[in-house]
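This report goes through a model of two chains, part by part. The sequence and structure come first, and the description follows.

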Amino acid sequence: MTSPVEDVEVVAARRPQPRRGVSLRDAGPPIALVVIFLVFSALSSDFRTIGNVQNIMDTAAVLAVVTCGITFVLMMGSIDLSAPGIMGASAIAVALLVANNRNDNDLGLIGILVAVLLAAALGCLSGLALVLLKVPSFMTTLGVSAVGLGVATLMFAGVQPNISDAMLKGWAVERFLGFAYLTWIAVGCVLLGYLVQRYSRLGRYAFAIGGAEEVLALSGVKVAPYKVAVFTLAGAFYGLAGVMVTSQLSAGLVQAGKGYDFAAITAAVVGGTLLTGGRGGILHSAVGVLLITALTNGLVQVGVSPYWQGGVQGLIVVAAVAAAVVPQRRRNQVTK
Amino acid sequence: MKLTSRPAAALVGLSLAAMALAGCSEEAGGGGGGDASASGACDPADVKLVGQVRNESNPYEASWLDGGDAFAEQVGLTQERLTYDADSTKQQEQVSQLLAGDTDCLVMNILPNGDSDTPPIVEGAQDAGAYLVTQWNKPADLNVTDYDHWVSHITYNGVESGKQIGDALAEAIGGSGGIIALQGILDTGAAKDRFAGLEESLAANPDVELLDDQTANFSRDEALAVTKTLLTKHGDDVKGIWAANDDMALGALAALEQAGRDDVAVVGIDAVPDALTAIQDGTMTATVSSDGPWQGGIGLAIGYCVATGELSVDDIGDEDRAWFAEQFLINSDNVADFSAPETDEADFECDNVFSRSQGAIS
């Protein structure tokens, strides 16, 4: 899968990236985040406490990791709906591999690794189906999600696996510098994702595929292996997210990833990663995750009735996206 | 590239197909009905029993089918276990397949996916002459008494269960203090009724204050996030958490653990195994059980009694055609009785099948 490496090596000596500087284009979402933060802080004294900021960061952790994975796929201009199935499969797998109430396994970290590898394999399956069978990513990933849920249901076998592994449980409960370990894991994932996006060939090509796949192909790059690799990487991120949900709930749930596919796509788009590909990135998406999480949290803190919340949240998200894309409105006209 | 990818493509395609096939290789056993007999005069050995629920990965619905098996064994038959993965279309297909076969002595105990799924099932059973009992879901304006093969519809009073756990919560926090409520999916009848029950309980316990109510959509994961937020908002004022189902109660328990709080009482509804364990451990206060195994047995029992002529539809009172069944509050005192639920043969005797009725659905 890494065969075309040597012929690209020669070209890579040129300047690594075009300079852009901080343009208005990238500033929209962070400004929206600050505005939302200030508005809620003014409205609610409960929102602006240290405890609540910790809470927002802890709550954002799982979504941040899922969004890391989905961002790479979106950068390529593909879409990925496989998160619920892959997260479910990895959640049940990890719950059955670490110390639990269903069997005598006690693999600890190895169990977590196996669950993430299983998830990466499922992600790889999406990529292969996309590249070899030429099925649109929308359908392949939807199918892989169903496969993942099927695998999870088989392993579930009617009895909820509850974990007793002290380490995995501790991730959600124990804190370092005020934040849960899970939050630090998410921060690590965002950093890792950023480094991959910025400095590895995989990340650069993901951008290039989203920007102009034909140009890349014509210049002699075999894009297929990179596409598969991106889906595999995304799968691994979803797998880790599934493990994190299991840690939080102390139990492996088939529905561990329910709703995370669209939540992550929303976060990425709000942060400025375009669905058409070639624009945005991990840091943009991370801002989007914080924006969505702060919004959900703020609406509860301010005391908006649950009957209104869904609608209000939707309106604010649309407004935030609209504000974020104003500087690139002309570019967006091609988006149907 | 093109050529080399062909075999690989075929392989992936084949393996995907294999997985799909493996997914639907459901066993279709069950005894075939014998000679056609007039309605209400089946030979007990000719009766075909079918139990249908959403999926077996849900412990409650799995226990429902186990209860059906227990009844079938009691009368020397076997139950055909059907699941439709919460897919309305699949449910209708399964039912039409059943009704296309020999239906004279067919008894079906069905959990319709939603209210709107009940009418076609009822019409089908009526036309085919099969005996049908439905549970939980039916449109309010569809009357059981308009049909003679839709023998009975059983459901539970959500207002009552919401009130039962509300009262248990009030008692656990000593009759006064702040509580928060986690609602279910707001546009479902179950969520509405259960919350109305909580409001009744609050009216009866004036010193208990509802600090906040939010929805967590019956989900464990969402309940975790919502509870964390509400705990930072209300802090130590929170003495109790009322959840409209056990999954949300378990999510709330995880949030309490992460916040380092062990002084908050939590109640839920449904009696899922994890909740019963939590009650045994003392981390959860109470839940309500509809008794899944009984539900699985009773629907078949009613249908069986009518099919064999021991009961006649005309003799069943209108109040027993659509009724609320008894539900049970589980707390630390009686949790041991519910940890391994069993069916009682006496409940399924033909003169006893309506003994758990709490009255007609108004």
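## Domains of chain B

Chain B is divided into domain 1 (34-156 + 291-327 + 342-360) and domain 2 (158-289), with bounds that come from an automatic or database domain assignment. The C-alpha centres of domain 1 of chain B and domain 2 of chain B are 33 Å apart. Between them, 5 residues of domain 1 of chain B are in contact with 7 residues of domain 2 of chain B; two residues are in contact if their C-beta atoms, placed from the backbone, lie within 7 Å. The side of domain 1 of chain B that touches domain 2 of chain B has 3 nonpolar, 1 polar and 1 charged residues. Here Ala, Val, Leu, Ile, Met, Phe, Trp, Tyr, Cys and Pro count as nonpolar, Asp, Glu, Lys and Arg as charged, and the others, Gly among them, as polar.

UniProt, in an unreviewed entry, places the feature "domain: Periplasmic binding protein" at residues 55-310 of chain B. UniProt positions are given in the numbering used here, feature names are shortened, and annotations may be inferred rather than shown by experiment. The span 55-310 of chain B is 48% helix and 19% strand, and its end C-alpha atoms lie 32 Å apart.

## Basis of the model

This is a predicted model, in which local features need pLDDT of at least 70 and side-chain atom pairs count only at pLDDT 80 or more, while totals for chains, interfaces and linings use all residues. Residues are numbered from 1 along each chain as its sequence is written, and chains are lettered from A and ligands numbered from 1 in the order in which they are written.

## A parallel sheet in chain B

In chain B, 4 strands form an open sheet in the order S7-S6-S8-S9, with parallel pairing. S7 and strand S9 (265-267) of chain B are at the edges with a single partner strand each, so one side of each has no neighbour in the sheet. From one strand to the next the twist averages 20 degrees. Strands are DSSP runs of E of at least two residues, helices are runs of H or I of at least four, and both are numbered from the N terminus; two strands pair if DSSP finds at least two bridges between them.

Strand S8 (residues 238-243) of chain B pairs with S9(B) in the parallel sense over 3 bridges, and Trp242(B) stands opposite Val267(B) in S9(B). Helix H6 (residues 189-204) of chain B packs on the sheet and touches strand S6 (177-183), S7 and S8 of chain B. The direction of H6 makes about 170 degrees with that of S6(B), where axes are lines fitted to C-alpha atoms, for helices over the stretch in contact, and angles run from 0 to 180 degrees between N-to-C directions.

Chain A has 14 helices and 2 strands. Of its 336 residues, 54% count as buried, meaning that 20 or more other C-beta atoms lie within 10 Å of the residue's own, against 12 or fewer for exposed and values in between for partly exposed, with C-beta atoms placed from the backbone.

The contact between the chains takes 33 residues from chain B and 33 residues from chain A. On the side of chain B that touches chain A, H7(B) gives the most, with 10 residues. That side divides into 13 nonpolar, 12 polar and 8 charged residues.

## Positive phi angles

Leu177(A) is not a glycine, yet has a positive phi of about 50 degrees. Leu177(A) sits in the loop between strand S1 (175-176) and strand S2 (179-180) of chain A.
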